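Here is a short report on a predicted model. Please read it alongside the sequence and the coordinates.

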Amino acid sequence: MDKLLKNKTAIIVFVAPALILFTAVLFVPIGTSFYYALCDYDKATRSYSFIGLGNFSKMLKDPIMRIALKNSLFFLLFSCISQLIMGLLLAGLLTNIKKGRNFFKNVIYMPCVLSSAALGLLWAFLFHAKVGINNLLANFGVKGPGWLFETSGFITLPMWVIAFVALWQYVGQSMMLYMAQISGISKSLYEASYIDGATKVKAFRYITLPLIKPMVGTAMSLNAIGSLKFFDLIYSMLGDKTENLKMDVLATYLYRTGFSSKGGNHYGYASAIGVVLVVLCLIATAVINKIFKTENYEM
Amino acid sequence: METTVKQNKPKLKVSTVLIYVFFIFMVIIYLAPVCWIAMTSLKTRPEIYKDPFAWPETFQWGNYKIAWEAGKLGIAMLNSLFVCVITLILTMLLGSMAAFAIGRMKWKLSGAAMVYILIGMMIPVHCVLIPLFVRFANMGLNNNLWGLILPYLTFSLPTSVYIMTGFFRSIPNELLESACIDGCSIYKIFFSICLPLSRTGLFVTGLMTFIANWNELLLALVFISDGNKKTLPVALTKFVTPYQTNYDKMFPAIMIAIIPTIIVYTLFSNQIVDGLTTGAVKG
């Protein structure tokens, strides 16, 4: 038996394809990406010249980069906090009802599996300046704001709108994670607390919350990475407008500097943005894990 | 108002009702937009602008035909299917092979291999976008559906390896031992015993992979510029041009894009919802 499981050839046959693929399509390009970030790409000669940290010092002076970074951090914070609150609320309430629990759960989770590009188009129409929600508001004599056009404010209105759409789309994910964790908590803990006179709210505060703390960390890291990667919704809701309207996030700015038909092909600079993105992902995950690191309770 | 309160749980009543009211409200928030696209997709353009929330005067089924042709959605859907199905099959095969070696076979570096693969979960596609694009352009893989399949496969592998490892580890040792005594080779143990026993896992990873890749936009947008090779999400974004938006074509197109997912989702929602969370929960 052991001999069979230690069969070197078989191990290589099984693991090699995945590992080779990983190295070739993921790890080598990441290395290359870090190298490109230190280079300037010349479109005409298609060559890279090493310029050290030039791209990063350029970044410090780049006003669009500042906007993109600000918006990305806004999405990061907003999604972490809002998903935590809404996800916990939904999960907590759902575990309290029996009939229809599955139905509600599945309905709320549904947008997670639908194409962000398609949903983005839908919401873009609903928040259209003249038709959509503003049309409804007009019936009540209220003049709706230009949901996706407003450019004033530190965090512009379109960013808030998109942040809420993202919450709508992805809260099901957090809800599911919390529900899975809550359903793993032993019922006897709750029974004991009810005997001691605890209310449901108190039981939630003193039993559920501490016991799902590790899951809060997991869910929040997923949210954080997801919100930093955020591209589909913004691209489909705003399209090429991001440029004029100060609505870039890191991902859209990277896409524009690298591939947009006008002003694209700055591969070096785009790679540098990519590096910033990865570093932010790593920092966010590390910070969140640090905050929510807990010893495992007996359950 | 309610006088016949049941004796056994008199206090729960009000709060339960409130919870149900809340969730019915949530269901409306979630289903209304989808129903609304369905309705709007059957209207003429002036109708859409006049009152977007009114019922269509006559159902314009022709919209679907126009959108299908104008957006080249047929080709886009075939492209998406091709990419997703191949990625799905390869992910399930390569993922479970690696998972079996990591989860069941005995070698020193199995832990390291797992970590190596799991790092892939944390890395956003964006940071490999440019090197991959440059390399694929040199290899003639851009504007080629295989150029999408490779990265899709790579980014789908971590989750599938992760989930499948869990399934393989839960197979009792006795089963493998008796197979070994009967003279099975390691390949036969994998293909004829372990894989069939982990059907649930395969199903879950398959669904996840398929859904994720079916919806993927960024890579498809960057790697494919040939109109005949576009995938469905990319084809969708083309309905919004900087100058105008063809709403009467856009809504049927959205419907066409999301109906397959909705059907698959309603059929397998329990498996999908549970499956998508398994990975994270075990971690």
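Thr205(B) lies in helix H10 of chain B. Helices (H or I, at least four residues) and strands (E, at least two) are DSSP runs, numbered from the N terminus. Thr205(B) is buried, since 29 other C-beta atoms lie within 10 Å. A residue is buried with 20 or more such atoms within 10 Å of its own C-beta, exposed with 12 or fewer, and partly exposed in between; C-beta atoms are placed from the backbone.

Leaving aside neighbours within four places in sequence, Thr205(B) is in contact with Thr91(B), Met92(B), Gly95(B), Thr159(B), Ser160(B), Ile163(B) and Met164(B). Contact means that two C-beta atoms, placed from the backbone, lie within 7 Å.

## H7 against H10

Helix H7 (residues 145–169) of chain B packs on helix H10 (residues 199–215) of chain B at about 160 degrees, with the axes 10 Å apart. H7(B) is therefore roughly antiparallel to H10(B). Angles under 35 degrees count as roughly parallel, over 145 as roughly antiparallel, 65 to 115 as roughly perpendicular and the rest as oblique. Axes are lines fitted to C-alpha atoms, for helices over the stretch in contact, and angles run from 0 to 180 degrees between N-to-C directions.

H7(B) contributes Tyr152(B), Ser156(B), Thr159(B), Ser160(B), Ile163(B), Met164(B) and Phe167(B) to the contact; H10(B) contributes Gly201(B), Val204(B), Thr205(B), Met208(B), Thr209(B), Ala212(B) and Asn213(B). By class, this contact has 7 nonpolar, 7 polar and no charged residues. Ala, Val, Leu, Ile, Met, Phe, Trp, Tyr, Cys and Pro count as nonpolar, Asp, Glu, Lys and Arg as charged, and the others, Gly among them, as polar.

Asn143(B) sits in the loop between helix H6 (126–139) and H7 of chain B. Asn143(B) has a positive phi of about 60 degrees, although it is not a glycine. Asn143(B) counts as partly exposed, because it has 15 C-beta neighbours inside 10 Å.

## The chain contact

The contact takes 77 residues from chain B and 76 residues from chain A. Helix H13 (residues 247–282) of chain B gives the largest share of chain B's side, 14 residues. That side has 61 nonpolar, 12 polar and 4 charged residues.

## Confidence and conventions

The predictor gives the complex an ipTM of 0.83 and a pTM of 0.85. Chain B averages a pLDDT of 82, and 91% of the residues score at least 70. pLDDT is the predictor's confidence in each residue, from 0 to 100.

Residues are numbered from 1 along each chain as its sequence is written; chains are lettered from A and ligands numbered from 1 in the order in which they are written. In this predicted model, local features need pLDDT of at least 70 and side-chain atom pairs count only at pLDDT 80 or more, while totals for chains, interfaces and linings use all residues.
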